[in-house]
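Me: I've got a model to go through with you. Can we take it piece by piece?

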Amino acid sequence: MSTTSVRTRFAPSPTGFFHIGSARTALFNWLYARHTGGTFILRIEDTDKERNSEEYLRVIYDSLKWLGMDWDEGPGAGGASGPYKQSERSDIYREYLKKLQSTGRTYEKEGAIWFRLEGERQNIREKYKDGDRLIEREIERVKAAPVLIHDVIRGDVTRAEDRDFVLVRANGEPGFHFVNVVDDITMGITHVIRGEDHLSNTSKHIELYKAFGVTPPIFAHIPLILKGDGKGKMSKRDRGALIEEYQTRHFLPEAVRNFLCLLGWTPADGREILPIADVIAQFELTAVHQANARFDERKMSFLNQQYVRALPPEVFALKAEAVLRAAGIVDDKTSRALLQSVFSLIQEKVSGLENAPALAGYFFKEDFDFDPKVHESLVKKDIPGQRVAELLPRLEGLESFEDALVDAAIVETATEHGVKPVAYYAPLRFALSGTGGGPHLNAILRVLGREKVLERARRFVENSKK
RNA sequence: GGCGAGUUCGUCUAUCGGUUAGGACGGUGCGUUCUCAACGCUCAGAGAAGGGUUCGACUCCCUUACUCGCUGCCA
């Protein structure tokens, strides 16, 4: 087969944050390039010079890398179609503007350079929505011939442009539609994979391709990600909308990426949790959905939990330790042995690395919190302080906290006081950890050790008397 | 208002004219267990509405409704 190789691109503008929708767009471009053995290009749309680029650019690079997406051409990667920042491509834009000017497809108005559509013109009054308000204004409408958009996801879409648009703004900066098309042409982009919000812009772009005498690339307009609740698409203020949030909450990037794959695409083999290599192998643009998908925070968490639990224990330990360090719970002085035992206990209990501190904190510090809700429910059915007090002498009598000895001590105490052993487990757990759940109680005792257990139990009894 | 796209359980989805409309998340109940989580099983839960086409429609066509997007010298 002598088909030219696939070239896709992701073209974010440095805004200081990385939206989940952008991440998904980048991902689909990346997946398609990897699936076809093509080239994935990163292009920076930084025409807005006001922004503090370096810092904002880093957000883009870091987010892409975090999600495991590498680019073959672009900043830091080189490539033959550079430069890859729009702010450095003025010469190219000037050259392409000349082409349009030479064929009479441009004109100036109010200091800006406009693209002239071909067709009959007439002035009409039209209504349009500005936020909630309906405004009436007069515009020049052009009866341009409809253009046909071939879209691998949506099929053929016909749409007619009906007004000229700006190529270069009055301040001299080229506008989005113009640079987008010029860049895609000069970078040899074969597949434009982008959000459905651009479908309506595509007729403008095709007009430009025609004006340049260039065959348009293949388009693939992917569905949008809608708010988890409420109306409209995800906006940066919505919970879960920014990649940064997942980073600070210690989500596993593989999990986030897996979740993103599932928003708008389903693997042919029906699996939901699958390694990225398998996604790459199966990914097809034609299989991308048409309908917008609502963001589901709980499914995201579920996937994250699955990934965390599936982590090799030593990897989990490494990551969990980093989280605990960041939370100030452990440091260089913390015993390695203690860390290891705690991590092997909590890996199967965590819903995500972000709750490792809550789950493991009491192993490392004496001033752990007592959950008031758990206390309340304990007090409701029994007197926890008294139970621990009853148990304490027998525990003190034990030389070591082997499971069998501890269990025997509890059974004996229970028999003595005429209750079931169960009555002692919850109060003791609460005294030692301040929680109502967690690892097996025997394991907690073993890891905590005799001294700490007795100390915490005594303190609990004391405090209960107050 | 105009133009474009979309519409299967609460959510993400499977179904490529013939299925008891399947799965996952979430929810329910049960089991396991000293607890929580996990896990296993259970139950509830869907073709927007109305017309066609067809022996037969979730699947094809039309209309309506609703949703989303575009309608900027933002990208």
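Me: Which residue just after α7 takes a positive phi?
Reply: G264, with phi at about 110°. Keep in mind that this is a predicted model: local features need pLDDT of at least 70, side-chain atom pairs count only at pLDDT 80 or more, and totals for chains, interfaces and linings use all residues. Residues are numbered from 1 along each chain as its sequence is written, while chains are lettered from A and ligands numbered from 1 in the order in which they are written.

Me: Is α7 itself buried or exposed?
Reply: 7 of the 10 residues of α7 (residues 253-262) are buried, so the helix is largely enclosed by the rest of the structure. Buried means 20 or more other C-beta atoms within 10 Å of the residue's own, with C-beta atoms placed from the backbone. Helices are DSSP runs of H or I, at least four residues; strands are runs of E, at least two; both are numbered from the N terminus.

Me: Which residues of α7 are buried?
Reply: A255, V256, R257, N258, F259, L260 and C261. They pack against α1 (20-36), α6 (243-248), α8 (276-282) and α9.

Me: Switching to β8. How many of its residues are buried?
Reply: The count is 0 among its 5 residues, and β8 is hardly covered.

Me: What does β8 pair with?
Reply: β7 (residues 147-151), antiparallel, through 5 bridges. Pairing takes at least two DSSP bridges between the strands. L148 stands opposite T158 in β8. The two strands form a hairpin with 3 residues between them.

Me: Zooming out, what are the helix and strand counts for chain A?
Reply: 18 helices and 13 strands. The radius of gyration is 31 Å, well over the 23 Å that the globule rule gives for 466 residues, so chain A is more spread out than a compact globule. That radius is taken over C-alpha atoms, and the rule is 2.2 Å times the number of residues to the power 0.38.

Me: What box do the C-alpha atoms fill?
Reply: Roughly 100 × 50 × 40 Å, along the principal axes.

Note on methods. Buried ≥ 20, exposed ≤ 12 C-beta atoms within 10 Å, placed from the backbone. Contact = placed C-beta atoms within 7 Å.
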